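Thanks for coming. Please have a look at it first.

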Amino acid sequence: MGLYFEKQWPELLPCIRTLTTLQTDHVVPQLYTHVHRRACSSLSTPRITTHYTIHPRDKDPRWQDIEMERFADEADVVIVGGGPAGLSAAIRLKQLANQHQKELRVCLVEKASQLGAHTLSGACLEPSALTELFPDWKERGAPLNTPVTDDVFSIFTEKHRIPVPILPGLPMRNHGNYIVRLGNLVRWLGEQAEELGVELYPGYAASEVLFHEDRSVKGIATNDVGIAKDGSPKDVFERGMELHAKVTLFGEGCHGHLAKQLYKQFNLRENCEPQTYAIGLKELWVIDEKKWRPGRAEHSVGWPLDRHTYGGSFLYHLNEGEPMVALGFVVGLDYSNPYLSPFKEFQRWKHHPFVESTLEGGQRIAYGARALNEGGFQSIPKLTFPGGLLIGCSPGFMNVPKIKGTHTAMKSGILAAEALFPKVTAENLDSETAGLHVPEYSDNLKTSSVWKELRSVRNIRPSFHNPLGLYGGMVYTGIFYWILRGKEPWTLKHCGIDANQLKPAKDCTPIEYPKPDGKISFDLLSSVALSGTNHEGDQPPHLTLKDDSVPVARNLAIYDGPEQRFCPAGVYEYVPVETGDGMRLQINAQNCVHCKTCDIKDPSQNINWVVPEGGGGPAYNGM
């Protein structure tokens, strides 16, 4: 590198030597593509990432005298994630233990301060898995208050609506389903789990996978607390604790950060396609009672997205005692234009006459966002490995054309519990590894309703990658799904990982978005305020960068900084450097709603989302 710079730009050698010296003090050098055009002073990259996953503490003198031993506890089963899948698995395990009069310790950790606080979904629930868990869920008071009574599907143009009939058998038909606030259902499931004896630990974020000497999974460790923003230990520093188990279930939700490690450790994606994703943005409104239609489920595709950008909307009329609607917009993260802003597309969509007429005179009361798995059948990884299982939206069981994944996530948790229960309770089980391997879970899933359902719709999402885009995909769905029910003898492929789909900014047209009016559409920061998001301010940003120089040198230079548009919470900003020319990336980690979109869509794959201190993040109330 030194000889290269000496030949090309000898005048910069003093700068390069200075930066080499700074590296020994943990300052990351910035490598610019067009370094010869920049002043010497702008070569230095402001340090952004201070997290110990990037800057190990064993090399940091500030940590030399800090006690790093962790307390450890033992359970039979540890579950990571208190969503529908994790809670369903925990409930089924304790039901089986009670039924067979077995002692079974089940511990569940959840990073949110309370169950349901990080849960966000449409949601239109298919109740099959809930009925399997609790046939008497109505008598138990499950919060399913709104059966679907009316289905509406539309193609939007800018000013008009084209109605589309929902024929029996099509995925969007919701007869027998319920419109729910999923966070409330998760909270209710937590109450049922506690009654059965499950140990619930909300506010504890699982930050690390632990391994036995034979590399089978041993359990998890919760994150350390009391680390300052600069990465140094505070006086109140406390080490996290270890939870060991015979089997650990990973149900972190979409794009879980521990699951990412497991994919690499056990090569779980060797025989499947890469996962592909969408971002879903949602609001709750209280509307004029005269416009309220409890039980009505509306969906649309088309405007404001072009035909080559996958996405659509929902607007559900809840029956919760007041005239409330849940509305949202979904954008596939395989879009190509770096100028696209999913948040601003959502705000623009609300001004469609068919939508605005419902919202006029109403009041927005909540906002949030999360990523969704859209890879479907083709992208399901290997689900079992020594010591652990993947359940729910972590591996991805969402039925994309139905826009439903809760029932399949819950069913996967039930199947996991039923497969591992005989093994964890066996008195003389002969295991080849210290952590139990339960391949029966994967076998059972392949003979279940989940597998059949996802296989039948496997080609609908990838069929949109055609010259006609949206319209070609709809034609394919009409012919091959409605007539053949997914029995065509071929399986279409996705286009690769979403991060690789962005085109350079110079090849794309900037998108001019209208200013929000403060009545129907709103700005980003006032929206984030409605999410209840909060993090301890004096902690290292949990949006970590593998290389602090990449955002300016590559993302801004080539893609015009797409992270400032695809993030639905205003976490990423490019601001002028304090001295000299140029820009720097500013990370407002306190705004993060834990959607994981940045980790997925970053074209440089330089962002690695890790858990912040437990209890941080959004505080959704029935989202």
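Helices (H or I, at least four residues) and strands (E, at least two) are DSSP runs here, numbered from the N terminus. By that count the protein chain has 17 helices and 24 strands. Its radius of gyration, taken over C-alpha atoms, is set against a globule rule of 2.2 Å times the number of residues to the power 0.38. The value is 25 Å, close to the 25 Å that the rule gives for 623 residues, so the chain is as compact as a globular protein of that length.

Two notes on the source. This is a predicted model, where local features need pLDDT of at least 70 and side-chain atom pairs count only at pLDDT 80 or more, while totals for chains, interfaces and linings use all residues. Residues are numbered from 1 along each chain as its sequence is written, and side-chain values use heavy atoms, with hydrogens and water left out.

Along its principal axes the C-alpha trace spans about 75 × 70 × 50 Å. Of the 623 residues, 60% count as buried, meaning under 20% relative accessible area with a 1.4 Å probe, protein chains only.

How values were computed. Buried means under 20% relative accessible area, exposed over 50%, partly exposed in between (1.4 Å probe, protein chains only).
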